[in-house]
Structure formats: C-alpha cells, structure tokens
Amino acid sequence: MTETVFFYCFAALAVAGAILTVTMRNAVHCAISLIASLGGVAGLYLMLHAEFLFAVQIVLYIGGIMVLFLFVIMLVNLEAAARERQFHRSWVGGLLCAGGTGAMLAWFWLRGAGTLRLPPAVQPTPREGGNVESLAMVLFRDYLVPFELASLLLLVAIVGGVMMAKKRI
Amino acid sequence: MPDLAQLLAAEVPLSWYLILSVILFVIGAAGFLIRRNIITVFMCIELMLNAVNLSFIAFSHKLKMVDGHIYSFFVMVVAAAEAAVGLAIILTVFKNRETLEIDEVSSLKL
C-alpha cells in the first residue's frame, strides 16, 4: 500500500517534470523541470533498492549534468529564442510518430505480457553488506574491462570538450 | 500500528515500471522531434536515456541481479561524456552562428 502510494507520487513527479520539460518556453524552466523529473526517477530507484544509482543520479545527473546545462543556458543568449515559435512546423507529425511508438510498445507489452518468460530470479549468495558492496563485486570482477573503457571514454570527452570550446589550441 | 517492513513488502508490479518507462521515453522522443531549440532537444535526449535506465533497473530488481545496475551506471557515464562534448559543440555553434534554432543549423542537410 505504502509502496504503491510512493510509486504514484514519484511517477507523477517524473511524468509532470517530463511534460513541462517538453512544453516550457524558457530554457531555464525546462532545465528545472528536467531536474524535477530526474528527482522523481531517483526516488523510483530508491524504491527498487538501487541505492547506489540513486546517489549517482543525484550527484552526477542533477548535480553535474544539469548544472552544466544551466551554465550553457546562461552563457548563450536565449532571449530572442524564447520569443519565437517553440515547436517545429510539422509538430503534428512528430507527435504522431512518438505517440505511435509508445502505443506500439504498450500494445506489445499488453498483448505479449504472458509470453514474456523471465528466468527465475537467481538467489544470490546471502548478501553481507548492501547494494553498493554487491555492485562493486560485480563491477570490479565481471565488468572490469568496460569500466576501464569508460574511463578512456571520459578522457576522450575531456579532450573533446576542451578542443571544442577553446578558441585557439 | 502496522509493521513498516510488512507495509513496504507489498510489491509494485514490474509492468507498472515498464509502462512508466515507456511514457517517459515517448515524452522525450516527442520533445526531441518537435522542439526547435538545440538545448531543449538535448535535454529530451537525457530524458529518454533516463527512461531506459528505469526499465533496466526494474528488470534488475525483478531478477535480483545487479547487472542491470551496472548497465545503467555505464549509460550514465556515457550520458555525462555526451553532455560535456555536446554542450561544447552547442557553445561553438552559438559562437559561430549566433543562433540555436535547429532549422538554421542545417549545413549537413542534403
């Protein structure tokens, strides 16, 4: 019961934030709505016992990426853009495409729910410690190479960001 | 007073999370298609990535494995790298063209 109520609250926050992100005129308002949406999804992560990803969502997405977005919005002058038309000429077609995709996914889910055979949940070894410990065990044992590749990707992103934003190298 | 652990044990079914994920993804996709401001389009991409992360974690919770957490962690890392490079590109575009309208920035269009 309580979990259902919390699910509805967080889901409403996430969906309302997402809708406002798409419809708001001012880019700063869009960013703040997106922060609300990300916060709602972070609450859902907490309900799914993904405590580490909850923290990462708050620190990395809301604290890192969204602040970067807000910086860029402040750096570029969007006053003229806010006064113009916000939506594309063929917005009806765009909405139809997106809605059709959603209807198709939901239809597949509703019709095919019975055929979705999930493997039985593996019973992990009795967890000493919480989510972070079990995550670290898997990350540093089974996914070590992707982890190192991710650090390489971040290095490329740093170099790329500096190259793009600097006037003269 | 009922036991809190007992109250929290009532599970929200997996399908609700998946439907919510579809809704968020569709809103993001719609915004990606219809908005004209590059920065807002970029935010809609983040919205879509986030929706997919939610379905990863819902499945991961259902299967009691942490592999889904790892995948969505990597998605977040890639999103951070993408945001850094993308926002630098946006800044460069704005410096060169003084506009952020998608229709104005169409040199690559055939």
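Predicted model: local features only at pLDDT ≥ 70, side-chain atom pairs only at ≥ 80, totals over all residues.

User: Is B:N53 buried or exposed, and what is its relative accessible area?

Analyst: B:N53 is found in helix α3 of chain B. Buried means under 20% relative accessible area. B:N53 is therefore buried, with a relative accessible area of 0%.

User: Which residues of chain B are in contact with B:I39, leaving aside its neighbours within four places in sequence?

Analyst: The contacts of B:I39 include residues of chain A, namely A:F69, A:V72, A:I73, A:V76 and A:L78. From chain B, the contacts are B:I90 and B:L100.

User: Which residue of chain A does B:I90 touch?

Analyst: B:I90 lies in helix α4 of chain B and is buried, because its relative accessibility is 4%, under the 20% limit. Within chain B, and not counting residues up to four places away in sequence, B:I90 touches B:I38, B:I39, B:F42 and B:L100. From chain A, the residue touched is A:V72.

User: How many Å apart are B:I90 and B:F56 in space?

Analyst: In sequence, B:I90 and B:F56 are 34 residues apart. In space, the C-alpha to C-alpha distance between B:I90 and B:F56 is 30 Å.

User: What is the N to O distance in the salt bridge of B:R36 and B:E101?

Analyst: B:R36 is in the loop between α2 and α3 of chain B and B:E101 is in the segment after α4 of chain B, so the pair, 65 residues apart, links distant parts of the chain. B:R36 counts as buried at 7% relative accessibility, and B:E101 counts as buried at 5%. The N to O distance in their salt bridge is 3.2 Å.

User: Which residues are joined into one network by salt bridges that share partners?

Analyst: Over all chains, the count comes to two salt bridges. B:D103 also forms a salt bridge with B:R36, with the closest N and O atoms 3.4 Å apart. This pair is 67 residues apart, with B:D103 in the segment after α4 of chain B, and B:D103 is partly exposed, with a relative accessible area of 27%. The network joins B:R36, B:E101 and B:D103.

User: What is the phi of A:H49?

Analyst: Most residues other than glycine have a negative phi. A:H49 is found in the loop between α2 and α3 of chain A and counts as partly exposed at 45% relative accessibility. Although A:H49 is not a glycine, its phi is positive, at about 60°.

User: Where does B:K64 lie?

Analyst: B:K64 has a positive phi, near 55°, and is a residue other than glycine. At 46% relative accessibility, B:K64 counts as partly exposed. B:K64 lies in the loop between α3 and α4 of chain B.

User: What accessible area does the nonpolar surface patch with A:V159 have?

Analyst: A:V159 lies in helix α7 (residues 144-165) of chain A. A:V159 is partly exposed, with a relative accessible area of 46%, and patches are made of residues with over 30%. The patch is formed by A:V145, A:L149, A:L152, A:L155, A:I158, A:V159, A:V162 and A:M163. Together, their accessible area is about 780 Å².

User: How many Å apart are the C-alpha centres of domain 1 and domain 2 of chain A?

Analyst: The domain assignment of chain A gives domain 1 (1-81) and domain 2 (132-169). The distance between their C-alpha centres is 23 Å.

Note on methods. Residues numbered from 1 in each chain as written. Chains lettered and ligands numbered in written order. Heavy atoms only, no water. Contact = heavy atoms within 4.5 Å. Patch = residues over 30% accessible without salt bridge, like charges linked within 9 Å, V, L, I, M, F, W, Y side chains within 5 Å. Areas by Shrake-Rupley, 256 points an atom, 1.4 Å probe, with all protein chains shown as cover. Salt bridge = Lys/Arg side-chain N within 4 Å of Asp/Glu carboxyl O. Helix = DSSP H or I, 4+ residues; strand = E, 2+ residues; numbered from the N terminus. Buried < 20%, exposed > 50% of the residue type's maximum accessible area, 1.4 Å probe, protein only. Domains from an automatic or database assignment.
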